[in-house]
Amino acid sequence: MRMHLPFVCSLPLVFSAVILAQPGAPREAGSIFVLKAARTFDGESMHEGWSVRVKGERIEAAGPSSGVDTSGAKLIDLGSATLMPGLVEGHSHVLLHAYSETPWNDQVEHEALALRVARATNHLRDTLMAGFTTIRDLGTEGAGYADVGLKQAVNQGIIPGPRMLVVTRAIVATGTYGPKGFVPEWTVPQGAEEADGENLARVVRDQISRGADWIKLYGDYRWGPHPGSHPTFSLEEMKLAVETAKNAGVPVAVHTSTPEGMRRAILAGAETIEHGNEGTPEIYRLMVEHHVALCPTLTAGGGRGGRGGQGESPMRTRRRESFKAALDAGVTILSGSDVGTFPHGDNARELEAMVEFGMTPLHALKAATSVAGQVLHMEIGEVKPGMLADLIAVDGDPTQQISAVRRVKFVMKGGTIYRQ
Ligand SMILES: [Zn+2]
């Protein structure tokens, strides 16, 4: 009855040796597993006494343990932990590292591509080990198309990492992005690809041809003589970009914080709005009407995400109010943190920040699991038959205390165990 003694037969021991030498090395790909835990969060609600059967890369069965077939499977008893879908990071930058280490300008201007890629491989491993099994990476910030190659490296099993949706360089209106502040005679390479007018169609097509899964536009940014963010692309430009991407079945995410930038993104057909810091009740109602999801990145916008230390600031108060207005309006929330501006692997900050700013822990968990799966059009985020077997186990009950998502004990992605 070998299936009752997980990791005791000879082959897994070989893999165990490998995992000691190389953290995050996958093991036992392609096996049949039955995972059992005190509680299972299926992406919608919590259940006690469930088991989950995994075959190959997908979930084959999930439900009360008495009804889940264990034949031919390796049993993994996760004890008192909570089994749940792998977490989704809706807004990352794996080619950036914390601004507290190196400001954005210095990373973009002085760090070689190979250096940035080398760091990114560590970032991807740290993300996966923290229980985030999918990321939507929203721009390489001057590192070209390196996200496409990193995604291939993960998919080919060369480096451990989450599933990746990538956008390549992201698209900005000419003269609006950075690095900036140079003499006007100098033309300095930018942290994203510039495009305007009819040329937007060409640039969208070009980025898709080079591997973009999503297109990211900057709908407003800090540019021009006046402080603060100002709209960049016209509604017509955004519409052209969205229509062009839609032909290839590629959705569009728009970075925008101002009400006018948000309004244009919504009317143009964007699927997600990134940040949305200054959203108003009217704008949020428009988002609901047009089925646009909000990726709030509270961590980057003043939410301290359980880090403690700083008190309430005017920026935090405004952010708290606008996020509450989004919740009150019923806007779909995709959890995304803008990680890369702070250390990779600390992505849970965003879930803590959302709860701190008024979301229930259950609602925050859904924003990083089942809702995220729907917004990203992926078969992830739910524990049910047919879904990809991206499963994690955490100590404690995250529906009671959200910080339980930091206590990751087990990580499986696509039926392969990366952490146990
Ligand atoms: Zn970002």
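**A short tour of the strands and helices**

Let me start with a pair of helices: H7, residues 259–268, packs against H8, residues 281–289, at an angle of about 15°, and their axes are 10 Å apart. Helices here are DSSP runs of H or I with at least four residues, strands are runs of E with at least two, and both are numbered from the N terminus. The axes are lines fitted to C-alpha atoms, for helices over the stretch in contact, and angles run from 0 to 180 degrees between N-to-C directions.

Before going on, please keep in mind that this is a predicted model: local features need pLDDT of at least 70, side-chain atom pairs count only at pLDDT 80 or more, and totals for chains, interfaces and linings use all residues. Residues are numbered from 1 along each chain as its sequence is written.

Back to our pair. H7 and H8 are therefore roughly parallel to each other; that label covers angles under 35 degrees, while over 145 is roughly antiparallel, 65 to 115 roughly perpendicular and the rest oblique. Their crossing is left-handed, meaning that the near helix is turned anticlockwise from the far one by less than a right angle, with clockwise being right-handed. Which residues make the contact? From H7 they are Pro259, Met262, Arg263 and Ile266, and from H8 they are Ile283, Leu286 and Met287. Contact means C-beta atoms, placed from the backbone, within 7 Å. By class, that gives 6 nonpolar, no polar and 1 charged residues. Nonpolar covers Ala, Val, Leu, Ile, Met, Phe, Trp, Tyr, Cys and Pro; charged covers Asp, Glu, Lys and Arg; the others, Gly among them, are polar.

Is Asp196 buried or partly exposed? Asp196 has 17 C-beta neighbours inside 10 Å, so it counts as partly exposed; buried needs 20 or more other C-beta atoms within 10 Å, exposed means 12 or fewer, and partly exposed lies in between. Leaving out residues up to four places away in sequence, Asp196 touches Ala173, Thr174 and Glu237.

Helix H10, residues 349–356, has 8 of its 8 residues buried, so it is largely enclosed by the rest of the structure. Among them are Arg349, Leu351 and Met354. The buried residues of H10 pack against helix H11 (361–367). After H10 comes Gly358, with a positive phi near 115°.

Let's finish with strands, which pair if DSSP finds at least two bridges between them. An open sheet of 4 strands has the order S5-S4-S1-S6, with mixed pairing. Its edge strands, each pairing on one side only, are S5 (58–64) and S6 (74–77). S1 (residues 32–36) runs parallel to S6 over 4 bridges, and Val34 has Leu75 in S6 as its bridge partner.

Elsewhere, S2 (residues 39–41) and S7 (residues 82–85) are parallel and joined by 2 bridges, with Thr40 partnered by Leu83. S7 also pairs with S19 (residues 391–394), in the antiparallel sense, over 4 bridges; there, Met84 has Ile392 as its partner.

Definitions and conventions: Two residues are in contact if their C-beta atoms, placed from the backbone, lie within 7 Å.
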